[in-house]
Amino acid sequence: MKFFIVFAALFAVALAAPAEHHAEVLKQESEVEPEGFHYVSELSDGTYETAEGKLKDVGTDHEAIVVHGSYSWVDEKTGEKFTVNYVADENGFQPEGAHLPKPQQ
């Protein structure tokens, strides 16, 4: 039953997405190696994404991947560009952006 509810919710979201939005891939590069990866994607609508991941503490019990990345998009209504820079590591996903709230210290 849970599967059906999740499927129905995802189907509804897909139907609600605007059908008139089309973007062409301008650039797409990826390189995957045993101890890391690099990815870049750019679309004609101003969407851009890049990420680089590297294994740290290779061969130990603390082996983990650390990802540094960035993604940006242009708001269709305002034309404003938004960018999120992030690190994802053993401390979780840590985004930063001018439009994001700053954590309270």
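Me: Is Tyr71 buried, partly exposed or exposed?
Reply: Tyr71 counts as partly exposed, because its relative accessibility is 29%, where buried means under 20% relative accessible area, exposed means over 50% and partly exposed lies in between, with a 1.4 Å probe and protein chains only. This is a predicted model, so local features need pLDDT of at least 70 and side-chain atom pairs count only at pLDDT 80 or more, while totals for chains, interfaces and linings use all residues. Residues are numbered from 1 along each chain as its sequence is written, and side-chain values use heavy atoms, with hydrogens and water left out.

Me: How many aromatic pairs does the structure hold?
Reply: There are four aromatic pairs, a pair being rings of Phe, Tyr and Trp (its six-membered ring) with centres within 6.5 Å, stacked if the planes are under 30 degrees apart, edge-to-face if over 60 and tilted for the rest. One of them joins Tyr71 and Trp73, with ring centres 6.1 Å apart and planes at 20°, so this pair is stacked. Trp73 counts as partly exposed, at 30% relative accessibility.

Me: What about Tyr71 and Tyr86, stacked or tilted?
Reply: The rings of Tyr71 and Tyr86 have their centres 6.1 Å apart and their planes at 50°, so the pair is tilted. Tyr71 lies in strand E4 and Tyr86 in strand E5 (residues 81-89), so the pair ties together parts that are 15 residues apart in sequence. Tyr86 counts as buried, at 12% relative accessibility.

Me: Which residues form the aromatic cluster?
Reply: The cluster is made up of Tyr71, Trp73, Phe82, Tyr86 and Phe93.

Me: Over how many bridges do E3 and E4 pair?
Reply: Strand E3 (residues 48-56) and strand E4 (residues 64-74) pair in the antiparallel sense over nine bridges, and Ala51 stands opposite Gly69 in E4.

Me: How many salt bridges are there?
Reply: The structure holds three salt bridges, each a side-chain nitrogen of Lys or Arg within 4 Å of a carboxyl oxygen of Asp or Glu. Lys27 and Glu29 meet at 3.9 Å, N to O, whereas the closest N and O atoms of Lys54 and Glu52 are 3.5 Å apart, and Glu90 and Lys56 meet at 2.9 Å, N to O.

Me: Where do Glu90 and Lys56 lie?
Reply: Glu90 lies in the loop between E5 and E6 and Lys56 in strand E3, so the pair ties together parts that are 34 residues apart in sequence. Glu90 counts as partly exposed, at 48% relative accessibility, and Lys56 is partly exposed too, with a relative accessible area of 30%.

Me: What share of the chain counts as buried?
Reply: Of the 105 residues of the chain, 15% count as buried.

How values were computed: Pairing = 2+ DSSP bridges. Helix = DSSP H or I, 4+ residues; strand = E, 2+ residues; numbered from the N terminus.
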